[in-house]
Amino acid sequence: MNKALESLLDLLDLEQIEEDIFRGVSRSALVPRVFGGQVAAQALVAAGRTVPADRPAHSLHAYFLRAGDPGAPIVYTVDRIRDGRSFTTRRVVAVQHGQPIFHLSASFQTYEEGLEHQTGMPSAPDPETLPTAAEMLPRHLPAHVAERLIEARAAVDLRYVDAPPWATVGQPREPRSQVWFRTNGKLDEYADRAADPLLHVCLATYVSDMTLLDSVLLAHGRGGWAVGDVVGASLDHAMWFHRPFKADEWLLYDQESPSASGGRGLGQARIWTRDGQLAVTVIQEGVVRVPR
């Protein structure tokens, strides 16, 4: 197994220190704070550990309150809001240095038959025809930046359909982007965990924070955090999990930005399985500021 993927799985395997209290560690990120996708995924792991296995997550709503310290552990406290006949609700607060840095509400549901429809999947080239991150990044970024970005995303095979914002600086274009992603290796070696739907949902949550605000940058010809022509951070994040999927199989992340104003940018997206099933809807707002 890819060592970076193994490290990510270990990152999501929280230590239980008391009933409904868990502790997680962090990994290095591109910026001197905890990666938002990490804390969101870990919080969902904590919530899911208190829910029966036959109730998969169907939604989460989260707020990033303070920048996390990557050098300190994060304590996740789960509040069992409700255990109903069909739905289970959990609230999670992530704490560092005695202060909350993140808040998540998540809902879980037993399987039910019901009405079924979905919109059509957008067109996209096959992921195997697209360059890998290791092939693409050194073409557009300084070597030291490319190396750090490749290392930070080594657990994920993420392939851009179109040029990312840092490859087209100064060229505003339609605020829309697509990436294919999957874990950088199969999860078969973790047979017991690979069968757990919560793991796949948490892995998708982790990846969902990597590129969603790129579409905001595209509209203004900005390169983003990798080139330093904007500063920003995630403010809130919401996801709805519609249908089962596997995070170690190709998923299309179709993203766009309908609005930016007030120093904030909004991104919305859908995640599709390769065979055209709508798996996840994602909405995120972040601070996006031009340095003075």
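A crossing of two helices is left-handed if the near helix is turned anticlockwise from the far one by less than a right angle, and right-handed if clockwise. With that in hand, let's look at the model above. It is a predicted model, in which local features need pLDDT of at least 70 and side-chain atom pairs count only at pLDDT 80 or more, while totals for chains, interfaces and linings use all residues. Residues are numbered from 1 along each chain as its sequence is written, and side-chain values use heavy atoms, with hydrogens and water left out.

**Overall form**

The protein chain holds seven helices and twelve strands; these are DSSP runs numbered from the N terminus, with helices being H or I of at least four residues and strands E of at least two. Along its principal axes, the C-alpha trace spans about 55 × 45 × 40 Å.

Twelve strands make an open sheet with antiparallel pairing, in the order S1-S2-S4-S5-S6-S3-S9-S12-S11-S10-S8-S7. Strand S1 (15-18) and strand S7 (156-160) are the edge strands, each pairing on one side only. Two strands pair if DSSP finds at least two bridges between them. From one strand to the next, the twist averages 25°; angles run from 0 to 180 degrees between N-to-C directions, and axes are lines fitted to C-alpha atoms, for helices over the stretch in contact.

| Strand pair | Bridges |
|---|---|
| S3 (residues 57-64) and S6 (residues 99-109) | seven bridges |
| S3 and S9 | five bridges |
| S9 and S12 | ten bridges |
| S8 and S10 | six bridges |
| S10 and S11 (residues 264-273) | nine bridges |

Ala 57 has Phe 108 in S6 as its bridge partner, and Ser 59 has Trp 240 in S9. Further along, Met 239 stands opposite Val 282 in S12, Trp 180 is bridged to Leu 252 in S10, and Asp 254 stands opposite Arg 270 in S11. S10 and S11 form a hairpin with two residues between them, and Gly 262 in the turn has a positive phi of about 60°.

**Helix packing**

Two packed helices are described by the angle between their axes and the distance between the axes. Helix H2 (residues 36-48) packs with H6 at an angle of about 160°, their axes 7 Å apart. H2 and H6 are therefore roughly antiparallel to each other, a label for angles over 145 degrees, while under 35 counts as roughly parallel, 65 to 115 as roughly perpendicular and the rest as oblique. H2 passes H6 in a right-handed crossing. Contact means heavy atoms within 4.5 Å; among the residues making it are Ala 40, Ala 41 and Leu 44 of H2 and Val 201 and Tyr 206 of H6.

Helix H3 (residues 133-140) and helix H4 (residues 143-152) pack at about 155°, with axes 8 Å apart. That makes H3 roughly antiparallel to H4, and this crossing is right-handed. Here Ala 133, Ala 134, Leu 137 and Pro 138 in H3 meet Ala 146, Leu 149 and Ile 150 in H4.
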